[in-house]
Amino acid sequence: MTQQRVSRLGFPVKVMARDDLKSNDARRAASDPHLKVSLTYIDAILDHLDKHDIRMYRMSSDLAPYATHPDMPQFHSMVAESRPELEAIGRKAMDLGIRLSFHPSQFIVLNSPDPALVKKSVADLVSQAEMLDLMGLPPEAVLVIHVGGTYGDIPAARQRWVDTWATLPEPVQRRLVLEHDDLRFSAADVLWIHERTGVRLIFDYQHFWCLNPERADLRDTVERILASWPAGQQPKMHFSSPRTELREQVRVDKKTKKKTVVHVAPVFTGHADFVNPFEFATLMRVLDGLDFDVMLEAKAKDLALLRLRPDLLRYAPDVAARFGLEPSEAPALEAEEDEVLEEEEVAGGA
């Protein structure tokens with residue numbers, strides 16, 4: 001099996017390297033926020049991504065503020081009102097070769113037993129699918145969601161997702177992809193759903209290790225998930241390293257007012273600030289020959305990406321090549337990282 005395409009690296013929403021770049025119009029309703037304002041922010045972010053040769057980006061799911069809020073009809077037409085601006089952003093993203101996507105919030109629940117919640121979830125998905133369509137983006141521009149709640153019965157909850165899928169509007173079905181999670185629905189669960197709906201799937205590395213009761217093989221699982229994408233479309237996956245640092249909490253005894261420092265163990269479902277390059281390189285070698293892009297879900301967002309690229313050239317040049325990185329680029333990538341991150345000198349010798 002031979003890799004056919006150069007893989008892209010991307011990050012979600014917040015640009016941490018530039019605090020002047022906003023991801024969406026976050027003003028309150030009284031200030032009349034609008035999608036058109038958010039799109040001016042995205043336009044600036046695209047320029048920033050192009051400057052740093054970052055070719056994948058997840059837009060904020062709040063790009064169109066209050067667009068589906070049931071009690072604020074004054075905002076409901078903003079997507080249609082923004083057609084020219086959406087078309088312009090789509091053209092710019094495609095001209096720059098930047099892959100865009102949405103990851104709607106955890107409040108999107110298609111398998112809820114509550115029809116009102118499902119209806120609201122579908123309305124949000126319709127709005128975001130409409131934005132991607134008006135941008136004129138290819139099928140790889142997707143809406144990523146999770147299965148939802150188990151409600152105490154995983155088989156029934158999976159089946160409700162399948163039943164809801166059959167009722168979704170065509171633009172939503174066309175844009176939707178489903179991701180397994182770290183607590184409720186495993187990779188095997190979403191593969192079960194795919195077999196009954198055809199929905200495309202997202203592999204998440206950290207979620208796979210947190211929830212794999214079937215003890216499924218990693219490479220076999222990834223191959224099956226990538227195969228849920230039609231030929232000619234580039235799948236993508238999510239990568240994050242787990243938090244491992246020791247935390248300290250100060251607790252105060254209510255009676256004595258005495259303070260005590262408590263050591264708190266890490267929660268391995270939490271995302272680390274940066275990407276562990278050794279863990280990342282190991283995964284890429286296990287998946288050698290497979291085609292996919294990688295969305296980095298590190299807490300440090302673009303800073304983690306800017307750090308990872310020179311790390312790969314330093315520690316795993318064979319893996320760096322998957323992402324089109326050449327050894328000759330190392331000085332420029334290290335300088336790019338130095339612009340946004342301070343690094344402490346490490347004393348040599350043991």
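# Exercises on helix packing and burial

Among the elements that cover the buried residues of α5 are α4 (115-134), β4 (143-146), α6 (170-175), β5 (176-179) and α7 (187-197). This is a predicted model, in which local features need pLDDT of at least 70 and side-chain atom pairs count only at pLDDT 80 or more, while totals for chains, interfaces and linings use all residues. Residues are numbered from 1 along each chain as its sequence is written, and side-chain values use heavy atoms, with hydrogens and water left out. Helices (H or I, at least four residues) and strands (E, at least two) are DSSP runs, numbered from the N terminus. Contact means heavy atoms within 4.5 Å.

## Exercise 1

Solution. 
1. The expected span of a helix is 1.5 Å times one less than its number of residues.
2. The buried residues (under 20% relative accessible area; exposed is over 50%, partly exposed in between; 1.4 Å probe, protein chains only) of α5 are Ala157, Arg158, Trp161, Val162, Thr164 and Trp165.
3. The arc is that of the directions from the helix axis to the C-beta atoms.
4. An α-helix has 3.6 residues a turn, so residues three or four places apart point the same way.

## Exercise 2

Task. Carry out the corresponding analysis for α3.

Solution. 
1. The 14 residues of α3 should span 20 Å, and its end C-alpha atoms are 20 Å apart, which agrees.
2. Its buried residues are Leu86, Ile89, Gly90, Lys92 and Ala93.
3. They cover an arc of only 165 degrees around the axis and therefore lie on the same side of α3.
4. The elements covering them include α1, α2 (78-81), β3 (99-102) and α4.
5. After α3 comes Gly97, with a positive phi near 70 degrees.

## Exercise 3

Task. Describe how α1 and α3 pack, and classify the residues of their contact.

Solution. 
1. Helix α1 (residues 35-51) and helix α3 (residues 83-96) pack at an angle of about 10 degrees, and their axes are 10 Å apart. Axes are lines fitted to C-alpha atoms, for helices over the stretch in contact, and angles run from 0 to 180 degrees between N-to-C directions.
2. This angle makes α1 roughly parallel to α3 (under 35 degrees; over 145 is roughly antiparallel, 65 to 115 roughly perpendicular, and the rest oblique).
3. On α1, the residues in contact include Leu35, Leu39, Ile42 and Leu46; on α3, they include Leu86, Ile89 and Ala93.
4. The contact comprises eight nonpolar, no polar and six charged residues. Ala, Val, Leu, Ile, Met, Phe, Trp, Tyr, Cys and Pro count as nonpolar, Asp, Glu, Lys and Arg as charged, and the others, Gly among them, as polar.

## Exercise 4

Solution. 
1. Most residues other than glycine have a negative phi.
2. Tyr151 is partly exposed, with a relative accessible area of 44%.
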